[in-house]
Amino acid sequence: MSDLNIKDFLTCGAFLQIGPDLFKIMVGPFTRHSLGEIGHLNDSTLLYSPNFWDFLDTASGTPQKPVYSSAKSYTFDREEFIYLLSKIEAKRPDITWQVPNETQFRTQFDWSQQNFIEQKLSKTVPIIRQHGEVLFLSENLLWCMQNLLQNKNFGWSYGFFDNSSGMIGHTPEVLAQWTKTDRQLHTVALAGTYTKADEAYEKILHDKKIQNEHQIVIDDIVDKLSALNFKSKAIQGETDVLELRYLLHLMTEFQIEIDSVEQAFEVINILHPTSAMGLYPYDAAKLKEFSQFSLQKERMSFAAPFAIVEKDAVYCVVAIRNMTFAKDKVQVFSGCGVTPESKYELELTESQNKRDSVKKMLGLNLD
């Protein structure tokens, strides 16, 4: 059996699901590196975890160190991981949830609508946050992790924690997955959300606002991948309905042939943020303006790339559907795609449904 020390892992660790029942695990202490150092660390398992807005600061001259190496790394299947985590008693956290600040969401929504009227943008992604008061300990993190691992629905469970703070979640969105054996890098357009209910599957396929929102994300990814100077062109799949445990989304898969980890990061860097998480059309000045909203400044790694990187593989997801935590509080961010057709109350409800899905996946009490 593995020599993984669960207490050490819960104190300073990271994990990412890389297949239906396969997980990469890292145990700290962590050492931070710049992205340019990856080539010199290619015999190691590395974690790539920037903040969402880091890409705006690349020209500032401030050195960024979003890459982490660790003391140990492991690969476990689901059952082995569950067994190892069962060796310590978990405890459900008793969280007192606060009412989200709708004013912060409203200012982003109104800014978006004004830019639509002026025909400067056609899609944005406002975010909202809900705080929870709690004394969050390692046994509470373990509770959340055990609940996630029992969830075998589509998506990728992940987490990163150090010194009593971090994040944990289960995302449905891949930004870039590639292995040298396969050579095909996979990414997706994931946009348009319905709560699972009677006839929701048919409704999401015929909702004009949802269709428009999804097509914008497709167009954005096509434009960005076409700009890469690769020998092969991207192949686009059919749009289908992705059925999650609590939600439905429209999803379109893409693949493009690449040869190296370096090329995989070219894809990651040009895609982030796709219009599923950012603005469309891509406009650096508008992105900078949008980033200055108070809540946007505080989003940290929410919806940023989150990746395990190895010598011959990159597993990169979008860090959504998560909860961040510190010793005395937790918080859940959610966002929604806004277009000229969007209705404020419907977008608020969608954002709440996404937060509720996170709480349920983590085994937490709802409002």
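Predicted model: local features only at pLDDT ≥ 70, side-chain atom pairs only at ≥ 80, totals over all residues.
Colleague: Which residues make the contact of H6 with H7, and what is the hand of the crossing?
Modeller: On the side of H6, the contact is made by Ile221, Lys224 and Leu225. On the side of H7, it is made by Val267, Ile270 and Leu271. By class, this contact has five nonpolar, no polar and one charged residues. The crossing of the two helices is right-handed.

Colleague: Which elements do the buried residues of H7 pack against?
Modeller: The buried residues of H7 are Val261, Gln263, Ala264, Phe265, Val267, Ile268 and Leu271. Their packing partners include one helix, H6. The others are strands S4 (46–48), S11 (174–179), S12 (184–195), S15 (305–310) and S16 (313–318).

Colleague: How is H2 oriented relative to H4?
Modeller: Helix H2 covers residues 78–85 and helix H4 covers residues 138–149. Their axes come within 10 Å and cross at roughly 155 degrees. Since angles over 145 degrees count as roughly antiparallel, H2 is roughly antiparallel to H4.

Colleague: How many nonpolar, polar and charged residues are in the contact of H2 with H4?
Modeller: H2 passes H4 in a left-handed crossing. H2 contributes Arg78, Phe81, Ile82 and Leu85 to the contact, while H4 contributes Leu142, Met145, Gln146, Leu148 and Leu149. By class, the contact has seven nonpolar, one polar and one charged residues.

Colleague: Is His170 buried or exposed, and which backbone oxygen does its side chain reach?
Modeller: His170 is found in strand S10, residues 165–171. Its relative accessibility is 3%, and buried means under 20%, so His170 counts as buried. Beyond its sequence neighbours up to four places away, His170 touches several residues, among them Gln17, Trp156, Tyr158 and Arg321. At 3.1 Å, its side chain reaches the backbone oxygen of Phe154.

Colleague: Which backbone oxygen lies 3.0 Å from a polar atom of the side chain of Ser334?
Modeller: Ser334 is placed in strand S18, residues 329–335, and counts as buried at 3% relative accessibility. Its contacts, apart from neighbours within four places in sequence, are Pro126, Ile127, Ile128, Phe302, Ser351, Lys354 and Arg355. The backbone oxygen in question belongs to Ser351.

Colleague: What is omega for the cis peptide bond of Gly28 and Pro29, and for that of Tyr280 and Pro281?
Modeller: Pro29 is found in the loop between strands S2 (22–27) and S3 (31–33), whereas Pro281 lies in the loop between H7 and helix H8 (284–290). The cis bond that joins Gly28 to Pro29 has an omega of about 15 degrees. For the cis bond that joins Tyr280 to Pro281, omega is about -5 degrees.

Colleague: Arg183 has a positive phi although it is not a glycine; is it buried or partly exposed?
Modeller: The phi of Arg183 is about 70 degrees, and the residue is found in the loop between S11 and S12. At 32% relative accessibility, Arg183 counts as partly exposed.

Colleague: Glu199 also has a positive phi although it is not a glycine; is it buried or exposed?
Modeller: Glu199 has a phi of about 70 degrees and is placed in the loop between S12 and helix H5 (200–206). Its relative accessible area is 59%, and residues over 50% are classed accordingly, so Glu199 is exposed.

Definitions and conventions
Residues numbered from 1 in each chain as written. Heavy atoms only, no water. Left-handed = near helix turned anticlockwise from the far one by under 90°. Helix = DSSP H or I, 4+ residues; strand = E, 2+ residues; numbered from the N terminus. Contact = heavy atoms within 4.5 Å. Nonpolar A, V, L, I, M, F, W, Y, C, P; charged D, E, K, R; others polar. Buried < 20%, exposed > 50% of the residue type's maximum accessible area, 1.4 Å probe, protein only. Polar contact = N/O pair within 3.5 Å; in protein donor to acceptor, adjacent residues only side chain to side chain. Axes fitted to C-alpha atoms, helices over the stretch in contact; angles between N-to-C directions. Parallel < 35°, antiparallel > 145°, perpendicular 65-115°, else oblique.
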